[in-house]
Amino acid sequence: MWRYLLPLAVFIVLVVFLSIGLQLDPKKIPSPLIGKTAPGFQLPDLLDAEKTVSPDQYKGKVWLLNVWASWCVSCRAEHQVLNELARSLGDVQIVGLNYKDASEDGQRWLAQRGNPYVANAFDLKGKAGIDWGVYGVPETFVIDSNGLVQYKHTGPLDWQSVQQDLMPVLQKLTENNRAVQN
Amino acid sequence: MFFSLLTNVFAGVEVHEFSNPDDEKIYVRLINELRCLVCQNQNLADSNAELAQDLRKEVYQMIQKGQSSDEIVDFMVARYGDFVLYRPPFKTETLVLWLGPFLILFLGVLFLIIFIKKKKQMHKTELSEDDKQYAEELLRTMSDDEDKK
C-alpha cells in the first residue's frame with residue numbers, strides 16, 4: 001500500500017504548493033517601509049512652485065500618498081476612484097507624488113480629470129520615488145498620525161481592494177487616532 | 001602628458017566614467033547583484049527599464065561619494081526589500097529556499113539506494129539441487145538443438 005500512497009502524497013503536496021504559487025503575483029513586492037517612518041522629501045508643488053510639499057506637514061493626521069504620472073495609463077482608471085475617495089474620506093487627505101513627469105503634462109492631466117489631491121509633490125528626478133521604493137506607477141501608501149507607513153497598495157486602486165484592504169486599515173488608524181486624542 | 005585613468009563602463013544605454021579601476025569593479029559587481037524590479041528576471045546591468053537606469057545612476061553616484069558596497073546594498077534593501085538582491089540572503093526565512101533542493105536531492109538518492117538494495121535481494125534466491133540439475137538439462141538440450149541446425 002505504501003508504495004502507492006507515497007508518490008500520491010508527494011504529488012498532492014506539490015499540487016498544494018503550485019496552486020498557492022500560481023495565485024501569487026510576483027509584481028506585488030511587499031514594502032520594507034511598513035512600520036517605518038515615512039521617507040522625507042521637500043519638493044515643490046506641481047500646481048504652485050512656490051509652495052513646498054513634505055510629509056512633515058501631515059504629522060498628526062492619517063493620510064494617503066498616491067504616486068502617479070500623466071504618462072501612466074493605469075493611473076487613468078484609478079483616478080476616478082481617487083476623486084470619489086477625496087469626496088468621501090473626510091479627514092483623510094490624499095497627497096500626490098507626481099513621479100518623473102513634465103509639469104505642464106501633470107497640470108493638464110489634473111485639469112482634465114479632476115484633482116483629488118490637497119497637495120502634489122513634483123518629483124522630477126524620481127529621487128523621492130526611490131526613497132519610497134516606487135518601482136511601478138501607480139502606488140498608494142497609507143501613513144498614520146505618527147508618520148509611519150502602515151500600508152502600501154501596488155498598482156491602480158480599484159473598488160474591491162479599497163473596500164477589502166484600504167478601508168479597514170484607514171478605519172483602524174483613525175480609531176486609534178481618536179482614542180489617543182480623547 | 002595626459003595619462004588618464006578614466007575607464008568607461010557601458011551598461012544599458014548610458015556610460016559612466018570612473019577615476020579608478022577599483023570603483024569600476026565595485027560598480028560592475030553591484031549592478032550585477034541588484035535586481036531590476038520592473039523586469040524582475042534581469043539584474044540592473046542587463047535591464048533597459050527606466051528604473052534600472054535611475055538605480056544604476058544612484059549606485060554610480062554613491063560610489064563617487066565614496067560609499068562602500070555594503071552601504072549601497074543596505075540603501076537598496078531598505079527601500080525595496082530583500083527581493084532587490086539577485087541572490088537571496090541566507091536568513092531563517094530563506095533557509096528552506098537554500099537548503100530545500102539539497103534536502104530533496106539527498107532524499108531522492110536515499111530512496112534510490114533503498115530501492116536498488118531491495119531489488120538485489122529479490123534476485124538473490126538460490127536454486128535447490130534438483131532445480132539446478134533440471135536447469136542444466138534444459139540448457140544442454142537447447143544447445144544440442146543449436147548444433148543440429
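What you have on screen is a predicted model, and the predictor gives the complex an ipTM of 0.81 and a pTM of 0.77.

Let's begin with the sheet in chain A. Five strands make up an open sheet, in the order β5-β4-β3-β6-β7, and their pairing is mixed. At the edges you'll find β5 (119-123) and β7 (149-154) of chain A; each has a single partner strand, so one side of each is left without a neighbour in the sheet. If you look along the sheet, neighbouring strands are turned against each other by 20° on average, ignoring direction.

Now pick out strand β3, residues 63-68 of chain A. It runs parallel to strand β4 (residues 93-99) of chain A, and six bridges join the two. You can find some of the partners yourself: N66(A) has G96(A) in β4(A) as its bridge partner, while V67(A) stands opposite L97(A) in β4(A).

Back to the opening question. In a regular strand, side chains alternate between the two faces of the sheet. Put another way, six of the six residues of β3(A) are buried, so the strand is largely enclosed by the rest of the structure.

Next, have a look at V53(A), which sits in strand β2 (residues 52-53) of chain A. Is V53(A) buried or exposed? Count the other C-beta atoms within 10 Å and you get 26; a residue needs 20 or more to count as buried, so V53(A) is buried. Setting aside neighbours within four places in sequence, V53(A) is in contact with L43(A), D45(A), V95(A), A119(A), N120(A) and A121(A). Compare that with I20(A): V53(A) and I20(A) are 33 residues apart in sequence, and 42 Å apart in space from C-alpha to C-alpha.

Time to move over to chain B. Chain B has five helices and two strands, and along the sequence they follow the pattern β-β-α-α-α-α-α. The chain is divided into domain 1 (7-89) and domain 2 (93-148). How many Å separate the centres of domain 1 of chain B and domain 2 of chain B? Taken over C-alpha atoms, the answer is 55 Å. Of the 149 residues of chain B, 17% count as buried. Among its contacts between residues at least 6 apart in sequence, 38% join residues at least 24 apart.

How confident is the predictor about chain B? The mean pLDDT of chain B is 83, with 89% of its residues reaching 70 or more. Where pLDDT is low, the predicted coordinates should not be read in detail.

Finally, find the place where the two chains meet. The contact takes 11 residues from chain A and 12 residues from chain B. On the side of chain A that touches chain B, six residues are nonpolar, four are polar and one is charged.

Conventions
Residues numbered from 1 in each chain as written. Chains lettered and ligands numbered in written order. Predicted model: local features only at pLDDT ≥ 70, side-chain atom pairs only at ≥ 80, totals over all residues. pLDDT = per-residue confidence, 0-100. Domains from an automatic or database assignment. Contact = placed C-beta atoms within 7 Å. Nonpolar A, V, L, I, M, F, W, Y, C, P; charged D, E, K, R; others polar. Pairing = 2+ DSSP bridges. Helix = DSSP H or I, 4+ residues; strand = E, 2+ residues; numbered from the N terminus. Axes fitted to C-alpha atoms, helices over the stretch in contact; angles between N-to-C directions. Buried ≥ 20, exposed ≤ 12 C-beta atoms within 10 Å, placed from the backbone.
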